[in-house]
Each structure stands twice: as structure tokens, then as C-alpha cells.
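Please consider the structure shown below.

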Amino acid sequence: MLGKLLKYDLKWVYKLIIIFYILAFTFSVIGRAFSTIENSLVFEIVSQIAFGTAISMMVSSLINCLMRLWARFVRNVYKDESYLTHTLPVEKKSIYNSKVIAGIVCIFTTTIVAIVCLFICYYS
């Protein structure tokens with residue numbers, strides 16, 4: 001049952017975070033493409049804006065991931081939805097473990113995406 005709880009937690013968190021990941025990759029690639037073009041001030045400005053946007057998307061994805069996980073935890077455990085959650089034939093530790101594992105997985109993937117995007121942006 002832990003697998004099902006984890007599946008729904010991850011599904012709920014990644015529904016929006018995937019958009020931030022895609023935008024971070026896109027702006028990293030755009031910034032890298034424009035930074036390779038030399039002797040143009042406009043392309044240099046566009047590449048720096050794209051790099052800044054990519055970094056802001058990485059930070060936003062981490063903050064958004066943590067906020068969505070916390071909101072999901074509070075809603076499932078303490079608010080009106082908790083009545084349904086606590087009536088499931090599941091041990092309490094499985095509910096809490098699914099929240100913790102979802103948080104660890106989300107932070108890990110966000111860190112991997114940030115490292116890959118920084119590698120795309122600044123590795124020469």
C-alpha cells in the first residue's frame with residue numbers, strides 16, 4: 001500500500017514541477033546556444049537573461065517542490081481530507097513514510113535537474 005500512496009503523492013507533486021524542469025532545460029539550452037555566438041552584444045544579453053531565467057526556474061522548482069509537499073502533508077493529515085486518509089486500511093507509518101519518501105525523491109530529482117542545467121549553462 002505504500003507504493004500506491006507514494007504514487008499518488010508523487011503524481012500530485014510532479015504535476016506542476018515538470019513544467020519548471022522543462023523551462024529550466026529550455027532556457028539553459030537557449031542561453032548556451034546564444035552564448036556561443038560571438039561579437040554580438042544582443043546575443044550576449046539574451047544569453048545572460050536566459051541563464052538568469054534558468055537559474056530562477058531551478059530555485060523556483062526547489063521552493064515549489066517543498067511548498068507543495070508541505071501543503072499535501074497538511075491537507076492529507078490535518079485538514080478535511082484527513083478523515084478520508086485516516087480511514088484507509090493502512091498503517092499510520094505508511095502514510096508518513098510515503099510523504100517522507102516523496103519529499104526525498106522530489107528534492108533529489110530537483111537537485112539532479114539543477115546540476116544538469118548548470119552543466120549545460122556554464123561548462124566549457
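## Aromatic pairs

Y96 is partly exposed, with a relative accessible area of 35%, whereas F73 is buried at 16% (buried means under 20%, exposed over 50%, partly exposed in between, with a 1.4 Å probe and protein chains only). The model is predicted: local features need pLDDT of at least 70, side-chain atom pairs count only at pLDDT 80 or more, and totals for chains, interfaces and linings use all residues. Residues are numbered from 1 along each chain as its sequence is written, and side-chain values use heavy atoms, without hydrogens and water.

The count comes to seven aromatic pairs (ring centres within 6.5 Å, using the six-membered ring of Trp; planes under 30 degrees apart are stacked, over 60 edge-to-face, the rest tilted). F73 and Y96 form a tilted pair, 6.1 Å centre to centre with 45° between the planes. F73 lies in helix α2 and Y96 in helix α4 (residues 92-122), so this pair ties together parts 23 residues apart in sequence. Ring pairs link W70, F73, Y78 and Y96 into a cluster.

## Helix packing

The axes of helix α1 (residues 2-35) and helix α2 (residues 41-77) come within 7 Å and cross at roughly 170° (axes are lines fitted to C-alpha atoms over the stretch in contact, with angles from 0 to 180 degrees between N-to-C directions). The two helices, α1 and α2, are therefore roughly antiparallel (an angle over 145 degrees).

## Largest pocket

Residues lining the largest pocket include M1, Y8, R72 and K99. Helix α1 gives the most to this lining, with four residues.

How values were computed. Parallel < 35°, antiparallel > 145°, perpendicular 65-115°, else oblique. 1 Å grid on protein atoms, 1.4 Å probe; cavity = no way out; pocket = protein on both sides within 12 Å on 5 of 7 lines; lining within 4 Å.
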